[in-house]
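Here are my notes on the model you passed along.

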Amino acid sequence: MVEEGLLEAGFRDIVRIAAHGAFVAELERQSPDVVIFDLGSPSRDTLEEVLAVSRALARPIAMFVDTSDEQMIGAAIEAGVSAYVVDGLKKERVKPVLDLAIRRFNAFAAVQKELEEAKSALAERRIIDRAKLYLMSTRKLTEANAYALLRGTAMRQGRRIADIAQALLTAAELLESNPEDEA
Amino acid sequence: MTPIKIAFLPLTDCAILAAAKELGIAEKHGIALDLVRDLSWATIRDRLVYRQVQCAHLLAPLAIAVQLGLSQHKAALAAPFSLSLNGNAITFSRQLAAGLAGKPSERIDQPGATVKNLSDALRRLQRKPVLAVVHRFSSHALMLRYWLAYAGIDPDEDVQLRVLPPPLMTGALASGEIDGFSAGEPWNSSAVDAGAGEIVALGCRIWESGLEKVLAMRDDWATANPEVVDRLLLTLDEAATWCDLPENRQKLARLLSSDSYLATPAERIERALFGKIRLTPAGDTMKVDNFLLLHRRAANFPWRSQALWIYSQFLRWGFLEHSPEAERMASGVFRSDLYRRALAGGPTPLPSASLKLEGSLSSERGVSSDKGTLSLGPDRFFDGRVFDPAKIGEYLTQIAS
């Protein structure tokens with residue numbers, strides 16, 4: 001996500017390195033101007049140590065773009081991104097890079113969340129559908145009546161329809177299973 | 001309810017914070033404790049420095065490094081409560097451990113002989129072994145350096161020190177990427193259980209009273225919120241007292257084993273809490289006293305002499321140059337004044353001094369406090385040296401010779 005955004009913004013020279021194993025050697029070979037790093041990665045301590053002692057990356061490195069801009073740093077931490085910048089690179093040039101990284105990280109997190117929500121909604125609908133089918137076949141109800149029964153039970157018990165449907169399916173499974181199988 | 005966010009790393013020594021929250025102690029003191037789990041010290045430090053959290057579970061040397069401006073952004077910090085003494089170990093790959101003489105428990109009992117053994121083993125190895133620590137400014141790194149230097153092994157020349165996050169240590173050891181590491185629990189036990197290494201030294205046998213983690217906060221926040229700080233310290237004192245009781249330790253291990261904390265089997269966590277350490281994959285086990293101290297023997301008191309010992313090690317390894325200003329700033333991080341203010345009148349005895357000789361007590365001894373006698377020690381270094389915080393220069397000359 002960050003990479004795409006940077007490309008769109010006209011930054012061409014981007015290399016992606018996985019933060020484990022020999023990532024430090026690779027980083028040294030690349031000798032980058034800016035390192036953008038995931039705050040959630042445990043390897044940040046390793047990276048900082050390398051920045052402190054490495055010969056290839058021996059120029060002083062500042063963390064974040066401008067340590068005086070606390071609001072921006074706050075936003076970066078919230079989004080889960082940090083940038084290590086080679087000293088001497090003009091701040092004006094780097095700020096938009098980090099701005100963009102933050103926006104992209106946030107967008108990515110939002111998309112992830114939506115995906116998860118969509119996934120669980122789908123799973124719930126399947127459960128409700130199966131519970132409806134069960135009621136339709138065992139109680140000879142229409143689909144609308146089966147759904148009304150589930151909804152009414154949920155309302156009376158102050159629970160969600162999906163939970164009621166799941167409970168019904170579990171109970172049905174228990175009733176139908178052969179006790180001999182469990183022995 | 002006062003909301004307080006505290007960042008922590010999943011380690012056995014986050015015990016007091018976990019107990020404060022899960023046993024409802026924080027709530028009782030009107031604090032809505034929000035524990036934020038992180039995976040790197042860098043991120044915890046940034047959260048604290050840039051005001052994303054009010055407090056942090058922090059490596060004591062890192063708190064001092066931040067105050068001195070040695071680790072990224074410089075910030076004035078206050079550490080009014082120590083969260084643990086000891087609790088670390090040094091684990092070697094089975095190959096490197098095989099080069100050491102003695103039975104597994106003898107190695108632990110004789111840290112001096114073991115490291116001299118290591119020195120011989122290194123000559124045979126004919127390459128620099130790679131030893132990993134969790135952070136440049138960690139108690140683990142300082143302890144490992146102290147131990148190596150005793151046998152004349154220069155930690156900056158004769159070995160290659162690397163920083164690696166604890167959860168990656170076992171894998172790196174198994175794959176041969178590193179030859180050994182120093183970390184807190186449960187990561188040594190985890191490497192032993194995976195068959196990747198053997199525990200060859202224990203922190204509590206290198207320094208019997210080694211400061212490990214502190215509760216750190218920004219100085220400006222502590223100054224602006226004295227009443228909240230007091231309630232927080234009362235909370236932690238109560239939680240630490242609970243954690244200290246042997247009869248609570250099983251429950252503590254279970255609590256820490258959950259996914260919101262260490263996500264590690266309770267049995268593995270219990271080893272550090274009961275001081276029953278499994279040293280080798282073959283199952284050699286050893287009972288050790290004081291493996292991890294969470295409360296007794298003034299473990300939570302922020303001794304300025306311990307801050308100064310850390311400062312002396314920073315000087316020793318060339319992390320900074322001495323200046324009276326730097327020395328004052330380093331010892332000033334540890335706020336025994338805040339500890340005393342918050343806990344005055346409580347059940348925990350308060351020592352009458354804020355500095356002590358480090359390494360002078362060969363057994364448990366009573367010292368004066370505001371409530372009769374307080375037990376301190378043992379606190380020896382394995383080489384028998386004593387650190388006098390008033391004579392740092394002399395100490396460094398002695399230790400270099």
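1. Ground rules first. This is a predicted model, where local features need pLDDT of at least 70, side-chain atom pairs count only at pLDDT 80 or more, and totals for chains, interfaces and linings use all residues. Residues are numbered from 1 along each chain as its sequence is written, while chains are lettered from A and ligands numbered from 1 in the order in which they are written.

2. Confidence. For the complex, the predictor reports an ipTM of 0.76 and a pTM of 0.81.

3. Overall build. Chain B holds 19 helices and 15 strands; these are DSSP runs, H or I over at least four residues for helices and E over at least two for strands, numbered from the N terminus. The C-alpha box along the principal axes is roughly 60 × 45 × 40 Å.

4. Burial. Of the 401 residues in chain B, 55% are buried. Here buried means 20 or more other C-beta atoms within 10 Å of the residue's own, exposed means 12 or fewer, and partly exposed is in between, with C-beta atoms placed from the backbone.

5. Helix 4. Which helix is largely enclosed by the rest of the structure? Take helix 4 (residues 60-67) of chain B: 8 of its 8 residues are buried, so it is largely enclosed. Among them are B:Pro61, B:Ile64 and B:Gln67. Just after this helix, B:Gly69 has a positive phi of about 75 degrees.

6. Most residues other than glycine have a negative phi, and most peptide bonds are trans. B:Arg51 has a positive phi near 65 degrees in the loop between helix 3 (41-49) and strand 3 (55-59) of chain B, and is partly exposed, with 16 other C-beta atoms within 10 Å. B:Ala263 also has a positive phi, about 50 degrees, but counts as exposed with 12 C-beta neighbours.

7. Cis prolines. B:Glu185 and B:Pro186 are joined by a cis peptide bond, omega about 10 degrees. The B:Gly377 to B:Pro378 bond is cis too, with omega near 5 degrees.
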